[in-house]
Amino acid sequence: MSTSYIPPEFRWTNDNDACCRCKRCIKQCGWGALRWENRVVADQHKCVGCHRCEVFCPESCITVLPNPTYYRPNANWTLRHRKNVYRQAESGGVLLTGMGADQDFPVLFDSLFLDACQVTNPSIDPLREPMELRTYLGRKPEQVEVEVAADGRVSLKTQLAPNYQLAFPIIFSPMSYGSISLTAQKSLAMAAEELGILWNTGEGGLHEQVKPYAHCAIVQCASGRFGVNIEYLNSGAAVEIKIGQGAKPGIGGHLPGEKVTADVSTTRMIPIGSDAISPAPQHDIYSIEDLRQLIFALKEAVDYRKPVGVKIAAVHNVAAIASGIVRAGADYIYLDGVRGGTGAAPSVIRDNLGIPIEIAIAAVDQRLREEGIRNQASIIAAGSIRSSADMAKAIALGADVVAVGTAALLSLGCTLCQKCYTGRCSWGITTQDPELTRRIDPVWGAERVANLVQAWAAELEEMLGAMGVNAVESLRGSRERLRAVGLDDQTLAILGVKPAGVGA
Ligand code: SF4
Ligand code: SF4
Ligand code: SF4
């Protein structure tokens, strides 16, 4: 018995009278949902709602809608729960998903409002006044000492730790070659170079074609150690130890053997066709002391010339963990919240483990301040930064920099269909099929991603100007510039934010 009990999620229709029979939609569908039988016919079960066919139909005659199938409503056994039971009864396996959480999680950014100048505190016009968005990633000194020579010349006595200068407080999230296509990764790398920010190799090594952009890359060292050698570590702008990921805290990664093509295998330094398994833990890290050893081994490897950071998922004890990481010598901590995206994760993990990024930023910033070690590491915040407003609020809560992943992929055409784990992405993003990957021209992709970052940067300047602040650094951790609506007292206390209506 092979009948599936799961109704199609989407209903594909076209206006056959308007259709010019170009068959472009059939070609555009990465999931093979469309075929030609004297007209375009859809296999509704295969349609994942990625909307590629709709966008490329020259007659705009395609409509893809959620299947209006009526199931008796049940507030407890939602359609989602029922479908998942059917799926598991059919497959007997863990349910996978791609991209970030789609549950109705509270988004605390939406309950926070930024301050604005009125009457006695003049705002700044960002079009006429200089605004400073430059941000330095890395350890800062507590104080600086200077030396005054006999001839009166002043020089810096304090030896500064390596910092990376970012033109904007935005970087791209780690996305490995393998999880995304090389054309998508190259788009991010080219955009990062043009913008003066950083992209991140993820755990997949460094492909020959993106080596020219390694000087503006964070090179990741994850549990699988794919592609990691001394040349790789030294080619990047910073090195990152990946412990966890917001979308799947506490579990590892798995790139199936069929996705390990010749090119992926060379880049990851593993055999063709072999499963690329990143174990859940780093097998040499079971304590903060172990982590310290790896941090300093990597610092040795790069001759103490580059920042070495640690990426963790935002979990219950995040503030204490972050404190340990800073004391272990990390130059930055990358916090990834529960709403963060990924190429593939078990939905049960994505939807139930971890905490929101807003809480994590505030808790970590507060803890590091209380311990007097806030200057010792930068905080990168990620996990669904959807707009310049989210970015400004994340910075006001205590982040130095935000990392964007999903937003960058949306710029490349992603429609959040959540089927990245199938490797059939019609938009050429999360696939290794050359027919599909060539849909992204990296020059075009870089331009779109760079446009997004520049637009957010311009909006950030507008918000800073409205707050009377001319440097993004002045907003960092300035929670007094935030007010909340509709949050309970405990959440307000953790965020360190007053309710709206309460003055200074
Ligand atoms: S792309 Fe549009 S016009 Fe072309 S065959 Fe498909 S439905 Fe018809
Ligand atoms: S291209 Fe996307 S929306 Fe169109 S039929 Fe295929 S899966 Fe469905
Ligand atoms: S990257 Fe592709 S497969 Fe993944 S959600 Fe976006 S459109 Fe869908």
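The legends below describe an overall view and close-up views of one predicted model.

Residues are numbered from 1 along each chain as its sequence is written, while chains are lettered from A and ligands numbered from 1 in the order in which they are written. In this predicted model, local features need pLDDT of at least 70 and side-chain atom pairs count only at pLDDT 80 or more, whereas totals for chains, interfaces and linings use all residues.

**View 1. The whole chain.** The chain holds 16 helices and 23 strands, which are DSSP runs numbered from the N terminus (helices H or I, at least four residues; strands E, at least two). Its C-alpha trace spans about 90 × 55 × 45 Å along the principal axes.

**View 2. The surroundings of ligand 1.** Ligand 1 is surrounded by 14 residues, the closest being Cys19, Cys22, Arg24, Cys25 and Cys57; a residue is near a molecule if its C-beta atom, placed from the backbone, lies within 6 Å of it.

**View 3. The loop with Asn38.** Asn38 lies in the loop between strand 2 (34–36) and strand 3 (40–42), and its phi is positive, near 65 degrees. Asn38 counts as exposed because it has 6 C-beta neighbours inside 10 Å (exposed means 12 or fewer other C-beta atoms within 10 Å, buried 20 or more, and partly exposed in between, with C-beta atoms placed from the backbone).

**View 4. The loop with Met269.** Met269, in the loop between helix 6 (262–268) and strand 16 (276–278), has a positive phi of about 60 degrees. Met269 counts as partly exposed, because 14 C-beta neighbours lie inside 10 Å.
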